[in-house]
Amino acid sequence: MTASTTTPGTPTAPTSSTTTPTPPTKDAAIDQEPQAAAAAPAELRADCIADSAGGLTFDLNAPESAPASWNAALVLRLRGGDGADEVRLPLGPNGSGRLRAVLPSTVALAEGRWNAYADLGDGSDPRRLLPGVNDLRSLVDRRPLAGIGRLGVRIPYATKFGNLALRSWLRGPHAEAGDIRVTPEGITVSGRLYGASPAVGALAEARARRATQAVDDTPPAVTVPLDVQGPDFTFTLTHEELAGTGRDGGEPWDLWLRPAADAYPVRIARLLDDVPDKKQIFCYPALPLQSAAGPVRVKPYYTLDNDLALRFTGPED
């Protein structure tokens with residue numbers, strides 16, 4: 001804590017008793033009227049409580065001037081949506097000066113970022129909510145039933161402008177990334193599959209990402225078999241094959257899991273915790289390697305969507 005100091009001000013000269021104060025001008029009085037009459041609206045903050053099933057409870061502080069309204073609602077709007085992507089949750093009293101809305105786990109939210117508003121039912125436009133206290137303990141190391149068909153994840157967070165928003169994922173099946181180990185030989189990924197059971201021919205795939213590509217230009221893929229124990233899986237990708245494949249040797253590789261030989265592949269991601277944006281939080285060191293094309297550095301990372309990827313770069317990048 002930094003101690004504050006007070007600097008004595010310069011003494012002012014005493015005012016003569018014969019000096020008559022100058023009355024305020026008309027313009028000055030007009031400038032002061034709006035400031036005196038206008039009152040800033042009370043801040044609306046929402047405390048969020050998450051449950052292990054994926055539901056969220058929002059508790060808001062209710063302004064004293066807010067009338068009780070049957071059509072008050074907490075409004076969620078998908079960022080970048082077309083206006084039809086809106087969810088309204090009834091907002092009712094919850095004790096003195098409090099309002100509550102509940103987002104059940106059974107209500108599906110499309111993947112993306114949802115801005116949170118409060119519509120108090122007073123005829124005014126919905127107002128952005130500010131984040132309060134988040135109780136997300138039930139999301140830490142969340143382990144849904146492995147047989148769940150579709151997995152919904154919603155994590156509240158504060159935007160860079162200080163407003164309340166939700167990060168939502170809706171996936172089924174879903175391959176949850178667990179421990180990641182990087183060695184000079186390769187990268188080993190462990191995880192758990194939800195919504196499907198690994199079958200004969202189950203594979204992990206590393207696909208070279210292409211910023212631009214022709215319709216018939218399929219990015220190269222490297223596949224390895226899964227080591228499976230029930231819903232849990234483990235696989236190892238060797239660096240040599242990845243580093244020597246691709247157009248420039250330095251593009252990202254996205255990691256996928258194919259539950260069976262003829263199954264649709266699913267993205268490997270880390271969603272089941274309380275961290276909405278993992279790219280800057282889960283940082284892995286870049287490991288220097290020697291490949292056939294020369295020295296490279298390999299680094300696993302999470303994308304902006306919390307999907308798992310690998311990047312190979314030159315020794316100086």
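I began with Glu111, which counts as partly exposed because its relative accessibility is 33%, where buried means under 20% relative accessible area, exposed over 50%, and partly exposed in between (1.4 Å probe, protein chains only). I noted that this is a predicted model, in which local features need pLDDT of at least 70 and side-chain atom pairs count only at pLDDT 80 or more, while totals for chains, interfaces and linings use all residues. Residues are numbered from 1 along each chain as its sequence is written, and side-chain values use heavy atoms, with hydrogens and water left out.

**Entry on Glu111 and its partner**

Which residue meets Glu111 in a salt bridge? I found that the side chain of Arg171 does, at 2.8 Å from N to O; a salt bridge here is a side-chain nitrogen of Lys or Arg within 4 Å of a carboxyl oxygen of Asp or Glu. Arg171 lies in strand E11 (residues 164-171) and Glu111 in the loop between strand E6 (98-103) and strand E7 (112-119), so the pair ties together parts that are 60 residues apart in sequence. Strands (E, at least two residues) are DSSP runs, numbered from the N terminus. Arg171 counts as buried, because its relative accessibility is 13%.

I then counted the salt bridges and found that the structure holds 18. One of them joins Asp232 and Arg192, whose closest N and O atoms are 2.8 Å apart. This pair links distant parts of the chain, with Asp232 in strand E17 (residues 232-238) and Arg192 in strand E13 (residues 186-194), 40 residues apart. At 30% relative accessibility Asp232 counts as partly exposed, whereas Arg192, at 18%, counts as buried.

I next checked Arg258, which forms a salt bridge with Glu205, the closest N and O atoms again lying 2.8 Å apart. Since Arg258 is in strand E18 (residues 252-258) and Glu205 in strand E14 (residues 203-208), the pair ties together parts 53 residues apart in sequence. Are these two residues buried or exposed? I found that both Arg258 and Glu205 are buried.

**Entry on the sheet**

Lastly I traced an open sheet of five strands, in the order E5-E6-E2-E1-E9 and with mixed pairing, where two strands pair if DSSP finds at least two bridges between them. Its edge strands are E5 (92-93) and E9 (130-135), each of which pairs on one side only. Strand E1 (residues 45-50) pairs with E9 in the parallel sense over four bridges, and I noted that Ala46 stands opposite Pro131 in E9.
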